[in-house]
Structure formats: C-alpha cells, structure tokens
Amino acid sequence: MTDYAVGDIQGCYSELKALLEKVNFNPEQDQLWALGDIVARGTESLATIRYLKSLGPSFNMVLGNHDLHLLAIYHGLKKEKKSDHLSELLAAPDLPELIEWLRNMQLLLQTPDGKAFLSHAGLAPQWTIKQAI
C-alpha cells in the first residue's frame with residue numbers, strides 16, 4: 001500500500017488523472033490524501049469532486065479555502081465569482097449529495113501512522129496540536 005498526498009487539485013481533473021496514472025495509483029490498495037482545494041480555478045471541478053468521492057475509503061482530505069468557499073456559496077453565504085469556475089458543479093443534479101460529502105471532511109487529519117498531521121495552510125504557530133484539533 002502506498003500513500004499519495006496531493007495539494008491544490010483546484011478542479012484540474014485531467015491533470016489529476018494523468019498524475020495518478022503516472023504513479024500507478026490503485027484505489028484497491030493505495031490511499032490518496034488531498035491537502036485542500038479540490039475545486040475551483042480549474043474548469044473540471046464537477047468531474048474532480050465526483051471522482052474523488054467515488055474513491056470511497058481510499059480517499060482522505062482536509063478542507064481548503066476554495067472548498068470552504070464552495071460550501072459558503074451553496075449555503076447562500078457568499079456569491080460565486082466567474083473566476084471560481086464552479087457553475088457546472090453548482091448546476092449538477094447531484095450537488096446536494098456532493099456538498100454533504102464535502103461538508104463531512106475535516107480541517108486537520110492525522111496520518112495513519114500517527115507521525116504527522118495534515119492541514120491545508122498550516123496552523124497558527126502559537127497553537128499546539130491539541131488546540132488545533
């Protein structure tokens with residue numbers, strides 16, 4: 001089993017698939033860890049989030065600012081910007097299911113070996129791990 005960590009996928013589904021193909025990612029035995037920002041900026045956010053969700057237990061992630069922005073748009077707290085490239089995702093018939101999946105992701109994850117914690121943009125230097133959790 002191999003663990004792969006990828007940051008800022010940003011809705012770049014084709015590039016993600018090419019990367020995973022290059023490393024022979026096998027969801028039956030490998031783990032993919034996303035370090036936030038799985039959507040926005042790229043034009044394939046819908047395909048990206050559907051694919052990552054389809055990986056089931058072989059996928060883990062921490063939320064990034066773009067993921068939180070999507071959640072805020074969905075809940076009417078923020079407005080979509082054209083540069084977000086989220087229109088296709090926001091119009092998807094399975095959007096409520098995708099949002100429910102996304103909103104259950106965490107801001108901080110511990111690696112299975114317990115040796116490290118993953119976050120999108122780091123932690124405030126004055127925080128202990130216990131405070132961050």
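Which side chain meets that of Asp-84 in a salt bridge? In this predicted model, the partner is Arg-41. The N to O distance of the pair is 4.0 Å. Asp-84 sits in the loop between α3 and α4, and Arg-41 sits in the loop between β2 (31–34) and α2 (45–54), so the bridge ties together parts that are 43 residues apart in sequence. The two residues were also examined for accessibility. Asp-84 has a relative accessibility of 1% and counts as buried, because buried means under 20%. Arg-41 has a relative accessible area of 41% and is partly exposed.

The structure holds 4 salt bridges. Among them is the pair of Arg-50 and Asp-94. Their closest N and O atoms are 2.8 Å apart. Arg-50 belongs to helix α2, while Asp-94 belongs to the loop between α4 and α5, so this pair ties together parts that are 44 residues apart in sequence. Arg-50 is partly exposed, at 35% relative accessibility. Asp-94 is partly exposed too, with a relative accessible area of 21%.

Another salt bridge joins Lys-53 and Glu-97. Here the closest N and O atoms lie 2.8 Å apart. Lys-53 is in helix α2 and Glu-97 is in helix α5. The pair thus links distant parts of the chain, 44 residues apart. Lys-53 is partly exposed, and its relative accessible area is 25%. Glu-97 counts as partly exposed at 46% relative accessibility. Side chains of opposite charge can pair when their charged atoms come close.

Attention then turned to helix α3. This helix spans residues 65–74. Helix α3 is mostly covered, with 7 of its 10 residues buried. The buried residues are His-66, Asp-67, His-69, Leu-70, Leu-71, Ala-72 and Ile-73. What do the buried residues of α3 pack against? They pack against β3 (59–61), α4 (87–90) and α5 (95–103). Helix α5 is thus a packing partner of α3, and Glu-97 of α5 is paired with Lys-53 of α2. Just after α3 comes Gly-76. Gly-76 takes a positive phi of about 75°. Further on, the loop between α3 and α4 holds Asp-84, the buried residue whose side chain meets that of Arg-41.

Definitions and conventions: Residues numbered from 1 in each chain as written. Predicted model: local features only at pLDDT ≥ 70, side-chain atom pairs only at ≥ 80, totals over all residues. Heavy atoms only, no water. Buried < 20%, exposed > 50% of the residue type's maximum accessible area, 1.4 Å probe, protein only. Helix = DSSP H or I, 4+ residues; strand = E, 2+ residues; numbered from the N terminus. Contact = heavy atoms within 4.5 Å.
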